[in-house]
Amino acid sequence: MSKRNLNKIQKSAVESFGRPVLIFAGAGSGKTRVLTHKIAHLIEKDLVSAPNILAVTFTNKAAQEMKLRVAKLLKDKNISVNLGTFHSICARILRKEIHHLGYNSDFSIFDVKDQVSLVKVVLEAMEIPKNYVTPQEVRHKISHFKNKLISPDEAKSKAHLVIEKTYAEIYKNYQKALFENNALDFDDLLILPLQLFDKNPKVLEKYRKYWQYILVDEYQDTNKPQFMLIKYLAGSH
């Protein structure tokens with residue numbers, strides 16, 4: 001693999017090994033180029049086997065582009081690096097391990113339209129007037145709770161206003177309805193692996209041993225669940 005298109009600092013980041021590296025630079029300065037070269041370097045120098053590398057990004061388009069760039073650098077179209085979005089990596093974990101949380105592995109993933117439809121069912125069952133809260137408002141509120149890692153019970157304990165208590169109760173019933181339908185929403189894809197690792201240290205240890213080197217593209221954009229996922233997985237190395 002040639003490193004001629006890397007400057008001195010980029011080359012230093014690519015070749016650094018055995019310690020954390022944070023690349024902090026502006027748009028278009030070659031951060032993704034460094035990341036793809038680093039993956040190729042780890043494999044080419046036999047520092048880490050391809051299957052034991054986890055590389056995470058934020059869009060399917062970016063993940064696909066990174067795969068192509070790494071394959072081109074290594075001249076190998078069949079590299080087995082685990083490279084994908086946070087949601088796709090978490091979905092892969094859950095398909096194998098979600099039975100530990102009481103779900104079946106053939107769970108459905110609800111998109112925004114499905115979520116709004118389920119919220120409507122919950123609101124009707126709770127006999128909440130249509131002019132009190134809208135399903136869209138409720139969906140946004142639940143997503144906010146999940147992105148802050150606030151459970152339904154925590155939301156209820158922190159509620160002071162009547163509307164806050166109502167949101168917390170809707171959230172609780174919404175999660176119950178998802179479970180009964182063996183379904184997850186997009187936020188659950190990030191949160192349930194954290195619950196899984198909390199409740200099953202052996203499962204966490206398995207993935208820590210498997211993914212020995214972790215790279216995150218656009219790290220500054222991680223939310224709390226995404227940060228915690230990386231913290232869990234990188235905890236021993």
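**Reading the salt bridges of a predicted model**

Guide: Arg-69 is partly exposed, with a relative accessible area of 28%. The term covers values between buried (under 20% relative accessible area) and exposed (over 50%), computed with a 1.4 Å probe on protein chains only. The model is predicted, so local features need pLDDT of at least 70 and side-chain atom pairs count only at pLDDT 80 or more, while totals for chains, interfaces and linings use all residues. Residues are numbered from 1 along each chain as its sequence is written, and side-chain values use heavy atoms, without hydrogens and water.

Visitor: With which residue does Arg-69 form a salt bridge?

Guide: A salt bridge requires a side-chain nitrogen of Lys or Arg within 4 Å of a carboxyl oxygen of Asp or Glu. For Arg-69 the partner is Glu-65, with 3.2 Å between the closest N and O atoms. Because the two are four residues apart in helix H3 (residues 60-74), about one helical turn separates them. Helices are DSSP runs (H or I, at least four residues), numbered from the N terminus. Glu-65 is also partly exposed, at 41%.

Visitor: How many salt bridges does the rule give?

Guide: The count is four. Among them, Lys-206 and Glu-97 meet at 2.5 Å, N to O. This pair links distant parts of the chain, helix H10 (residues 201-210) and helix H4 (residues 86-97), 109 residues apart. Lys-206 is partly exposed at 44%, whereas Glu-97 is buried at 4%.

Visitor: Are Lys-146 and Asp-188 buried or exposed?

Guide: Both are buried. Their side chains form a salt bridge of 2.9 Å, N to O. Shared partners join Lys-146, Asp-185 and Asp-188 into one network of salt bridges.
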